[in-house]
Each structure stands twice: as structure tokens, then as C-alpha cells.
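Subject: Structure handover

Hi,

Here is the structure I promised to pass on. My notes follow below it.

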Amino acid sequence: MSAKKKADLNIDEDDFIFLPLGGSDEIGMNLNLYHYGGKWLMVDLGISFGDDTMPGIDIILPDPEFIEQRRHDLVGLVVTHGHEDHIGAIPYLWPKLRCPIYATPFTATLVRRKLADEGILEQVELIEIDLSANFVIGPFEIELITLTHSIPEPNALVIRCGGGTVMHSGDWKFDPEPVIGEVSDIKALRALGDEGVLAMIGDSTNVLDPGRSGSEASLTDSLAVLFRKYDKHRIAITCFASNVGRLATISAAAKAAGRNVALVGRSLWKMYEAALQNGYLRDIPEFVSEKDAGFIPRDKLVLICTGSQGEPRAALARIADNAHQEIVLERGDVVIFSSREIPGNEAAIGRIQSKLVSRGIEVVTEREHHVHVSGHPAREELVEMYQYIRPKIAVPVHGTPRHLEAHARLARQCQVPEAVVPGNGSMIRLKEGAAEIVGWVPTGAFTMDGGRLRPLESSVFGDRKKMLFNGAVSVTVLLEGKGHLHGDPVVTFNGIADEGEIAALSETAKDLIWEAVEALGKKARGNDDEVGEAVRRAVRRVVKAEYGKRPVTTVHVLRV
């Protein structure tokens, strides 16, 4: 007898389904769902960041509407680790979901702080789970397997249910010498492979990179050499605030070069405090505050700064503008970019680097010196993982379509019988010999705008872009009783003409507005909408003729 059909989806209640709502058409914004027994399990709930094409947008969140409509069947959210692209959306989207959250202690600390900042901590059931723990959520049995990454406590999830066993890798690498936490649990991975795995849902970030990602420990000596090279100058180094291992590496390299280390940027201090709270970074010298950094000779200090991706409000951007309250770099000093450029951020990073170089400050990146190793697996590590797990089905995630296709090809080369490339919204049936996309659900994205959760396709952002590229005009017209103009319109131009050009442009616009209004019939002059549209067309006509722009135009019609 066949299982009961889900009323609104083309799946059976006992179908084992993987459904990404984010993270499978891009790197970031991870939101993954698993279905079995009529219940849903969520894995990660993260954000991505806006870029130069999205003015005024800092963060982007996945649209959870699909699971929000089924939240009574959502048994929980399990978080693989504490990076923003895996936990950053929790404080904004949890009120739509209201499910228990499961995380290991360090990640739970980060989530707890975010929930407290949003004032909803007391509402949330946040359950701390031990490393390598086994626990049950609804019809799903979960096992954590310790891996290595660039933040403490990264975990692969083993998800077992009546439909089979899935290994969800999260973000990972094989680092034989991680400076924070344990090495990857190879014994557990081998045992899982021996047990038999239906599907592996895996990280694709570095699938295009040959070889291995390299060990964090390999950076210590390399950075120390670099620090000694600039022995008479101030050194600033920027990395992701969440890269706790890198904080330890820089600290060790600075100590070897006879320097103290200061943290510059609020998010770095938050991450440091969370690490200390969970027993990490306690064996390195205390960091110096940015206020106290000025008391230390410039050749005895390394500054770790936020802003490695060119974020305009981060510490490094303000330092590059010589606008930071506490930190000043001078000609001959050096800034080291100890991170990779996230696709889409190249222009913003380039602007910061150009500002620094124009002031005589040297810039060092991974192109000039060994200053960074990735936290994601390169191809040799992916092959090694497939050798351990030996899944029947590979589903690559955490990548752009190019990454996902390349990962699927690699999986097939590793003798994985089936590989299914997902997209956001694709429902993939996880069944040996019949893995396939069985349907699609709507997806989308939100952003936080002025404290409001707003769809990314909102007309607000379209208008904002228009104003950015075409400027804006505001017009007020005052009509007398019969609908004739009572006096000259008031016209204000923003972002269209220089100050010296405004008067002439304004006079031309006023003349056209007079002509447009007086050309209307009596009935039309009595209708505010028709008057407003005539004025709007007149203004846009003159701006288009003079400057080739199509400004956002607002018309206020008043009557006496």
C-alpha cells in the first residue's frame, strides 16, 4: 500500500527529500530542508551580503515562506557551525518559524548573542549539544562528526531516518594541524562509509581549486617572516572576524616577531569574547584594545582589523580614509589582506587597497606572500571525502551553478553512481537508483532595510537604484479654483545638475509645467492625478532632453 500523499506537494509522506531554499545557487545564505515521515528538518539559516549592484543593502536573507506555511511540521533547526552564512538569518527569520534550535556550545553562544540583540532570546528554545553528539529530532536521528574549518566546532551532520542515511558536510576541510579545536574525525567518517550512506550533500566552494587547501599552522612562520620584514613600521592585517583560528595564528606570528596584537573592530571583539567563553584562545596573550594601541611603539604592534571584504563601515575602510578615531597608518606602513576575495567584493576591496597605496601604504595579499589558507576543501580533499563516505548519491551545495556542476562531475569521477545538481527550490528525492528533482517550490530573498524585513524585489529598491543612476525631482504645484496654476511651481532637483546649472534648468521646467497644465481641459485640471501626470511628463521631458536622465519624479498637487 502506498504511503499517504502530501496534500500540496507531489511527494509521499515517507519520501526522503532534500530541498534547499538558499545556498544552492550562490555561496552563502544557506537554508536547507530535509523531509521524511511528513516532517521537515532545517539545517542552517544564514545570510549573504549585498554588493555594488545593491545600493543600501547590507545583508540578504532567504525567503522561508515555503516552510513558514508548514511550520507545524518543522521539528527543528540544526546549525552546522557559526559562520554568518549559516546562522546570520536566525534572529530575523526565527519569529516566522518558532522551532527549537540545536547548536554546539560555541555556535550556541554566537546565536544566543544575536537573539539577545533582537530581544527574542527568551522566546527561543536553544538547545546546546555536545561535539560528536547523537540525538533525535522527530523522525530524524542526528549524529555530529567533527571536521576542521576556519571557526571552532564545525560539524558534519549524519541524518538517519527510515528513508536512509545522509551525510550533510557543512563547511569543512581536512587540516592536519588546526590551531583551534580537534582534527577531523577520520575514524567516524570511515565508519559511516562502512555503514552505508545513501547521499552526501557537500560543500562545493573550492571544487575548482586543485590540490589541498593547506593547513592553518603553515601560516605562522610565513606571517612571522613578513612581520620581521617590516620591522620599523606599523603592521595592520585584516581577516574575517569569525576566523578564530587566524586570530591565534597572527598572535603566534606576532609573538615570534616581538610584537603585541590589538583588535580593531567591534565584531572581532565579539568573536574573541565568544571564543574565551568557550575555552578557546585562552593560551595566547591578551589582545590590546584600539584605544591602548596608540601607547605601543609602532614597530612593536600588529593591528588586526575588520574589513577584509571592503565593507565601507568596517575599521579598515575608515583607516584607509584616515578617518579612524584611534588608528593612523603612515607612509611606509603595511596592510596585509589575510583572506580571499569573495566573488562580488572585488571592486570594494580594490577601492580600499587603492586608497591605501595612494597614501604610500604597502598592500600585501595572497598573491605576494603566503598569508591565507582557505577553510574549504580543494579537489584532493573532496576526493578523499568521497573515498571515506562512498555515497550512492552526491548532491553538491554551497556554490554557484559553475561550482555545483564541477562538483557533480568530480563526484561521478569518484564512482558515485548518481549526482543531482540542485537549485534553490528544487525538491530532490533521495532514493537509490531514482534520485531526481521531483518538483520546485517558490524561493526568494529578503533584506533588512531600516529595521524592516523587505523582499529583495520590492519597488523600494528599484526606486533607490533609479535615484542613484538618474537622480530625483520633486515638484509642488498650487492650483486655483478653476484648475489654473496659482503661481510658479516649486521644483527641486537632486543628483541631476550642478549648482550653477540649477537655475536655468528650473526655469525651463517651470515653463513646460505651465504649458502642460494650461493645455489640459477643464475636467482634467480638476483631477489631481491627471494634473500630476502632466507635470511629471513635462519635467521628465526637460531632464531627458538636457541630461539624458529619467529621474524619479514626485509631484504634489495642492489647491486653494
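One definition before the details: contact means heavy atoms within 4.5 Å. Helices (H or I, at least four residues) and strands (E, at least two) are DSSP runs, numbered from the N terminus. Axes are lines fitted to C-alpha atoms, for helices over the stretch in contact, and angles run from 0 to 180 degrees between N-to-C directions.

This is a predicted model, where local features need pLDDT of at least 70 and side-chain atom pairs count only at pLDDT 80 or more, while totals for chains, interfaces and linings use all residues. Residues are numbered from 1 along each chain as its sequence is written, and side-chain values use heavy atoms, with hydrogens and water left out.

**Overall**

The chain holds 17 helices and 27 strands. Its C-alpha atoms fill a box of roughly 85 × 80 × 45 Å along the principal axes. Of the 560 residues, 55% are buried (under 20% relative accessible area; exposed is over 50%, partly exposed in between; 1.4 Å probe, protein chains only). Among contacts with a separation of 6 or more, 71% join residues 24 or more positions apart. Accessible surface is about 24100 Å², with 49% belonging to carbon and sulfur atoms (Shrake-Rupley method, 1.4 Å probe). On charge, there are 63 positive and 78 negative side chains, and the centres of the two sets lie 3 Å apart. Lys and Arg count as positive, Asp and Glu as negative; His and the chain ends are not counted. The place of a charge is NZ of Lys, CZ of Arg, CG of Asp or CD of Glu.

Two strands pair if DSSP finds at least two bridges between them. E13 (residues 199-203) and E19 (residues 393-397) pair in the parallel sense over five bridges. Asp203 has Val397 in E19 as its bridge partner.

**Three-strand sheet**

Another open sheet has the order E26-E25-E27, again with mixed pairing. E26 (490-494) and E27 (552-559) are its edge strands, each pairing on one side only. The twist averages 10 degrees from one strand to the next. E25 (residues 472-479) and E27 pair in the parallel sense over eight bridges. Helix H17 (residues 528-547) lies across E25, E26 and E27, at about 140 degrees to E27.

**Single residues**

Ala315 sits in helix H10 (residues 315-320). Its relative accessible area is 0%, so Ala315 is buried. Beyond its neighbours within four places in sequence, Ala315 contacts Val264, Gly265, Thr306 and His324.

Most residues other than glycine have a negative phi. Two to check:

- Leu281 has a positive phi of about 65 degrees. It lies in the loop between H8 (266-277) and H9 (290-293), and is buried at 3% relative accessibility.
- Asn322 has a positive phi near 55 degrees. It lies in the loop between H10 and E17 (334-337), and is partly exposed at 47%.

Best wishes
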